[in-house]
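This briefing is written for a reader who wants the cut-offs stated beside the values. Please look through the structure first, then read the points grouped by topic.

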Amino acid sequence: MIEQQIFGAERILIVGAHAFDGEMIAGPLAFVAASRGIEVTFLHLTMGEQGHRCLSTSLYAEQKRKEAADAASRLGAKWLTLDFPDAFLPNDEQTALAVCDVIRRIRPNVVITHWHGSWHKDHRAASELTKTGVFYAALPTLERESPAFSPSLLLFGENWEDDEGFTPTYLVDVSSGFEPWREAASTYELARGLSSFPYLDYYSALYRLRGCLRGTMYAQAFMGMSHSWNAGAGLFLPPQPA
Ligand SMILES: [Zn+2]
């Protein structure tokens with residue numbers, strides 16, 4: 001069962017394009033995992049510092065760092081950022097190698113990121129960079145600071161901007177993470193009226209809707225990789241006994 005695989009992990013890495021994305025894609029899941037003793041880390045590729053109506057990008061980035069730290073702490077998670085520029089997240093080899101280095105350093109059994117079907121270019125890039133980062137992290141002949149490491153599960157979470165072709169493969173019970181998630185999300189001004197999009201309403205209803213289908217109060221939806229990807233990624237693991 002997918003929940004055994006996720007909550008049986010030692011470490012989980014959640015990669016979002018902008019601070020606040022990871023908390024929507026897998027915030028309730030992060031709390032449930034952390035409360036079971038799993039080390040959960042949010043990697044924000046950019047701080048998402050563009051678009052504030054009053055603040056400069058540098059001031060808003062500073063505010064978002066505080067919001068990200070507060071949100072992560074409420075979810076029992078760690079966080080870090082690679083500080084790429086919002087709206088200009090490069091989708092190239094160097095950036096994928098930076099993601100690879102984080103994966104090799106943290107050694108997560110489970111990696112969660114954006115689904116690629118998004119109107120937002122940074123979200124499409126984050127999805128691709130994570131996929132390539134996992135691939136590079138597993139390559140034993142690719143020399144970096146840390147040795148090769150292969151996560152055993154790569155998942156794509158549900159985000160309102162990434163809805164093109166998103167069809168849930170898995171529904172994961174995250175009921176006990178719902179209230180902590182609401183509190184964590186509310187630390188961001190984005191969820192408190194900065195944006196015209198009603199984030200808390202949307203995600204609260206979404207997690208409840210997924211819960212109705214999962215048979216629990218709340219659930220989060222994820223898509224998986226293809227069988228060929230899973231087999232291909234496994235090529236770099238030590239041979240399994242017959
Ligand atoms: Zn975003």
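The largest pocket holds about 400 Å³ of space, where a pocket is an open set of points on a 1 Å grid over the protein atoms alone, with protein on both sides within 12 Å along at least five of seven lines, and a volume is the space filled by probe spheres set on the points, which are joined across faces, edges and corners. The model is predicted, so that local features need pLDDT of at least 70 and side-chain atom pairs count only at pLDDT 80 or more, while totals for chains, interfaces and linings use all residues. Residues are numbered from 1 along each chain as its sequence is written, and side-chain values use heavy atoms, with hydrogens and water left out.

**Pocket and cavity**

- The largest pocket is lined by 22 residues, and Gly-48, Gln-50, Glu-161, Leu-190 and Tyr-199 lie nearest its centre; lining residues have an atom within 4 Å of a point.
- The lining of this pocket divides into nine nonpolar, eight polar and five charged residues, with Ala, Val, Leu, Ile, Met, Phe, Trp, Tyr, Cys and Pro counted as nonpolar, Asp, Glu, Lys and Arg as charged, and the others, Gly among them, as polar.
- One cavity of 30 Å³ or more is found in a search of the whole structure, a cavity being a set of points where a 1.4 Å probe fits but cannot get out.
- The largest cavity is lined by Met-24, Ile-25, Glu-158, Leu-206, Tyr-207, Gln-220 and Ala-221.

**Zinc site**

- The zinc ion is coordinated at 2.1 to 2.7 Å by His-18 (ND1), Asp-21 (OD), Asp-21 (OD) and His-123 (NE2), donors being N, O and S atoms within 2.8 Å of the metal (3.2 Å for Na, K and Ca).
- Along the chain, the donors of the zinc ion follow the spacing H-x2-D-x101-H.
- His-18 is buried at a relative accessible area of 8%, and Asp-21 is buried at 7%, where buried means under 20% relative accessible area (1.4 Å probe, protein chains only).

**Aromatic pairs**

- The count comes to 14 aromatic pairs, a pair being rings of Phe, Tyr and Trp (its six-membered ring) whose centres lie within 6.5 Å, with planes under 30 degrees apart called stacked, over 60 edge-to-face and the rest tilted.
- Phe-20 and Tyr-188 form an edge-to-face pair, 5.0 Å centre to centre with 70° between the planes, and Phe-20 and Tyr-188 are 168 residues apart.
- Phe-178 and Tyr-218 form a stacked pair, 3.7 Å centre to centre with 5° between the planes.

Notes
Buried means under 20% relative accessible area, exposed over 50%, partly exposed in between (1.4 Å probe, protein chains only). Helices (H or I, at least four residues) and strands (E, at least two) are DSSP runs, numbered from the N terminus.
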